[in-house]
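Thanks for coming. I will take one structure today and go through it region by region.

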Amino acid sequence: MSQPRRCPYCQNSFVPSVFRPQQVVCGKPECQRRRRTDYHRKKLATDAEYHQVALESQKQWREEHPDYQKQWRRQNPQVVESNRQRQRQRDQKRRLGRLVLDKNNLALDLKHSASEVWLLGPKLCNLDKNNLASAQVLILPSLGHSSEDRGPS
């Protein structure tokens with residue numbers, strides 16, 4: 001009888017099958033699924049022919065099921081919206097990453113605005129002499145100024 005081993009995925013102890021003495025992963029469906037996924041990824045990365053066959057197989061499936069993606073999107077609007085929001089965040093992050101935020105002047109001149117502009121955030125040190133920034137704008141009503149605050153008329 002084989003010695004017990006520890007599954008690399010769930011860390012539980014298991015006894016290898018008598019038919020597969022070299023078994024490394026336990027028989028739980030989740031662990032077996034992860035083993036197959038890892039094998040597939042490794043094989044795609046190292047075997048060009050396997051990679052090509054996988055691409056052709058995916059292409060053939062998409063040709064046989066042309067409306068699958070549209071139907072799935074119609075049936076899962078909450079997932080579609082969540083993906084859309086996350087993509088917008090990634091796009092914004094990418095755009096900000098490409099900007100050189102030093103001495104950038106491609107925005108409206110905010111000096112002539114009657115309102116006050118407050119920039120809040122962790123990367124304000126990069127915005128020295130800059131008036132181009134992606135921001136979420138919150139418009140708050142004025143608390144009003146007393147006649148003393150306004151100065152002489």
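**Walking through the model**

Tyr-68 has a relative accessibility of 44%, so it counts as partly exposed. Please keep in mind that this is a predicted model. Tyr-68 sits in helix α3, which covers residues 68-75. Together with Trp-61 and Trp-72, Tyr-68 makes a nonpolar surface patch of about 310 Å².

Now the chain as a whole. There are 5 helices and 2 strands, and along the sequence they come in the order β-β-α-α-α-α-α. Of the 153 residues in the chain, 10% are buried. The accessible surface is about 14,300 Å², and carbon and sulfur atoms account for 53% of that. If you take contacts between residues at least 6 apart in sequence, 30% of them join residues at least 24 apart.

Next, the inside. Which residues make up the largest nonpolar core? That core has 6 residues, namely Cys-7, Tyr-9, Phe-14, Val-25, Cys-26 and Cys-31. Cys-7 is buried, at 0% relative accessible area. Cys-31 is buried too, at 4%. Leaving out residues up to four places away in sequence, Cys-26 touches Cys-7, Cys-10, Phe-14, Cys-31 and Gln-32.

With those cysteines in view, the next point is disulfides. A disulfide is a covalent bond between the sulfur atoms of two cysteines. How many disulfides does the model have? The count is 0. The cut-off here is 2.5 Å between the two sulfur atoms. For Cys-7, the closest cysteine sulfur belongs to Cys-31 and is 3.7 Å away, so the pair is too far apart for a bond. For Cys-31, the closest cysteine sulfur is in Cys-26, and at 3.6 Å that pair is also too far apart for a bond.

One of the residues touching Cys-26 was Gln-32, so let me stay there for a moment. Gln-32 is in helix α1, residues 29-46. Is Gln-32 buried or exposed? Gln-32 is buried, with a relative accessible area of 16%. Setting aside neighbours within four places in sequence, Gln-32 contacts Val-25, Cys-26 and Gly-27.

Last topic, charged pairs. The structure holds 4 salt bridges, and I will go through some of them.

Helix α1 has one between Glu-30 and Arg-33. The N to O distance is 2.5 Å. Glu-30 and Arg-33 are 3 residues apart in helix α1, which means that about one helical turn separates them. Glu-30 is partly exposed at 43% relative accessibility, and Arg-33 is partly exposed with a relative accessible area of 43%.

In helix α4, residues 77-98, Glu-81 and Arg-84 are 3 residues apart, about one turn of the helix. Their side chains meet in a salt bridge at 3.0 Å, N to O. Glu-81 is partly exposed at 34%, and Arg-84 is partly exposed at 38%.

Asp-91 and Arg-94 also lie in helix α4, again 3 residues apart and about one turn of the helix. What is the distance between the closest N and O atoms of Arg-94 and Asp-91? They are 3.1 Å apart, and the pair forms a salt bridge. Arg-94 is partly exposed at 45%, and Asp-91 is partly exposed at 24%.

That is where I will stop.

Notes:
Residues numbered from 1 in each chain as written. Predicted model: local features only at pLDDT ≥ 70, side-chain atom pairs only at ≥ 80, totals over all residues. Heavy atoms only, no water. Buried < 20%, exposed > 50% of the residue type's maximum accessible area, 1.4 Å probe, protein only. Patch = residues over 30% accessible without salt bridge, like charges linked within 9 Å, V, L, I, M, F, W, Y side chains within 5 Å. Areas by Shrake-Rupley, 256 points an atom, 1.4 Å probe, with all protein chains shown as cover. Helix = DSSP H or I, 4+ residues; strand = E, 2+ residues; numbered from the N terminus. Contact = heavy atoms within 4.5 Å. Core = buried A, V, L, I, M, F, W, Y, C linked by side-chain atoms within 4.5 Å.
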